[in-house]
Amino acid sequence: MKQMVEIYIKLAELETKREDTNRKVMLPRELRNLRQLELVPVVTATFSIDQSCQYHEGSFPYFKGLGDSVIVMNGVNAPKVVECLGSDGCRYRQLAKSGNDDLRQDAVMEQFFGLVNTFLQNHRDTWKRRLGVRTYKVVPFTPSAGVLEWVDGTLPLGEYLIGSMRNGGAHGRYGVGDWSFQKCREHVANGKDKRKAFQEVCRKFRPVMHHFFLERFLQPADWFEKRLAYTRSVATSSMVGYIVGLGDRHAMNILIDQTTAEVVHIDLGVAFEQGLMLKTPERVPFRLTRDIIDGMGVTGVEGVFRRCCEETLSVMRTNKEALLTIVEVFIHDPLYKWALSPLKALQRQKETDDDLNLSCEGLQDGYEGNKDAARALMRVKQKLDGYEEGEMRSIHGQVQQLIQDAIDPERLCQLFPGWGAWL
């Protein structure tokens, strides 16, 4: 196990050149010619727990080595996509990350999602609707390096909507005559009256998400089923994300599964309302922008979306003790940095993709571990008790308030331009 962990840490910290981004890079020899580790499972594989503990060679795929090359992804710390060869003949794609992103927070978030899923499966109404949050494996090795399961068959929402270079995508295909994403961004960033600028951008940039279902699911029954799955999945992940205060929900941090149409939230490094500490605070409970609503069809947030939000929230409120326990364990981890460091906050909101030389003003760097921890736990507890703005709400009332806040143009127009509130 130690050997494998060392291999991954070396891989995560592998120096790459700027021009290697989005390219295949050969691995150095010491990471290529590895011996099989028969007793070490593929860390991102999923296999069921055997209560009798009678594991044998065939019960899980073991580590047979890594593919010869990696793809260097775009990002501050240049994460690498690698293929891990399993003894079952499968190639498991993984993402090796290092730098100042602590993957332990992502790991705890996934654990929280997993627990919520258990409760949703054990409750009749949510089980019937197949409600759940899509999870993936996160394995931290050190406070700054770890490996994540690559979610196959998905596409970032932003890539579908505006293309990976932000100049095409579905908006390019269907929004003929509309403004480009870049033009919208400049207009919002430079507008003196934010609200007016935002409303103008909304008029000049019409939502196109419903085309995703028309393009990919040609049979009416299939189209209907996938649109339903999408709506349910957005509802569940929005509620769960809200409870843990998940921030930084820009369109590249939400993936959509191209076969099931469910959404998968990635990059869970800004949570417990740390989004409020960013230079431009993120004041929406979850991402419910016009394109996201457009994918839900003609009823929008009414009907399926609202009901699924209520059911999910209801189950979480019923099981609040268990959910708070996970958060509490995490919160008392003495190694966990509570306040968002200025560098991390700046990396989240770069004015342009290359520009990191921003001033650090207005960012709290005060590391007051326990005080911040207690506040975070308190806030999660309040949400699970139904307190919004100091008032106790019914489930129906709480969901109503959250949807209202998420689509409020007053809040959306104040967001960081790169978040793309009009998208």
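Trainee: Which residues touch the most other members of the largest nonpolar core?

Mentor: Keep in mind that this is a predicted model. The largest nonpolar core has 88 residues, and those that touch the most other members are Phe112, Tyr230, Leu288, Phe305, Met316 and Trp422. Helix H3 (residues 103–122) gives this core its largest share, eight residues.

Take Leu288 as an example. Leaving aside residues up to four places away in sequence, Leu288 touches Ile293, Met296, Val301, Phe305, Ile403, Ala406 and Ile407. There is also a second, separate core of 29 residues, with Leu34, Phe63, Ala96 and Val139 among them.

In helix H8 (residues 194–204), the buried residues are Ala197, Phe198, Val201 and Cys202. Viewed down the axis of H8, these buried residues fall within an arc of 140°, so they line one face of the helix.

Helix H13 (residues 320–331) can be read in a similar manner. Its 12 residues should span 16 Å at 1.5 Å a residue, and this agrees with its end C-alpha atoms, which are 16 Å apart. Buried in H13 are Leu323, Leu324, Ile326, Val327, Phe330 and Ile331. Because they cover an arc of only 155° around the axis, they sit on the same side of H13. The face turned away from that buried side carries Glu321 and Val329, which are exposed.

Thr236 lies in helix H10 (residues 220–243). Thr236 counts as buried because its relative accessibility is 0%, and the cut-off for buried is under 20%. Not counting residues up to four places away in sequence, the contacts of Thr236 are Leu120, Leu131, Gly132, Val133 and Thr312.

Last, there is open space to consider. The second largest pocket has a volume of about 370 Å³. It is lined by 22 residues, and the closest to its centre are Glu273, Glu282, Arg283, Val284 and Pro285. Helix H15 (369–385) and helix H16 (395–407) are the elements that give two or more residues to this lining.

Conventions: Residues numbered from 1 in each chain as written. Predicted model: local features only at pLDDT ≥ 70, side-chain atom pairs only at ≥ 80, totals over all residues. Heavy atoms only, no water. Helix = DSSP H or I, 4+ residues; strand = E, 2+ residues; numbered from the N terminus. Buried < 20%, exposed > 50% of the residue type's maximum accessible area, 1.4 Å probe, protein only. Contact = heavy atoms within 4.5 Å. Expected span 1.5 Å × (residues − 1). Arc of directions from axis to C-beta. Core = buried A, V, L, I, M, F, W, Y, C linked by side-chain atoms within 4.5 Å. 1 Å grid on protein atoms, 1.4 Å probe; cavity = no way out; pocket = protein on both sides within 12 Å on 5 of 7 lines; lining within 4 Å. Points joined across faces, edges and corners; volume = space filled by probe spheres on them.
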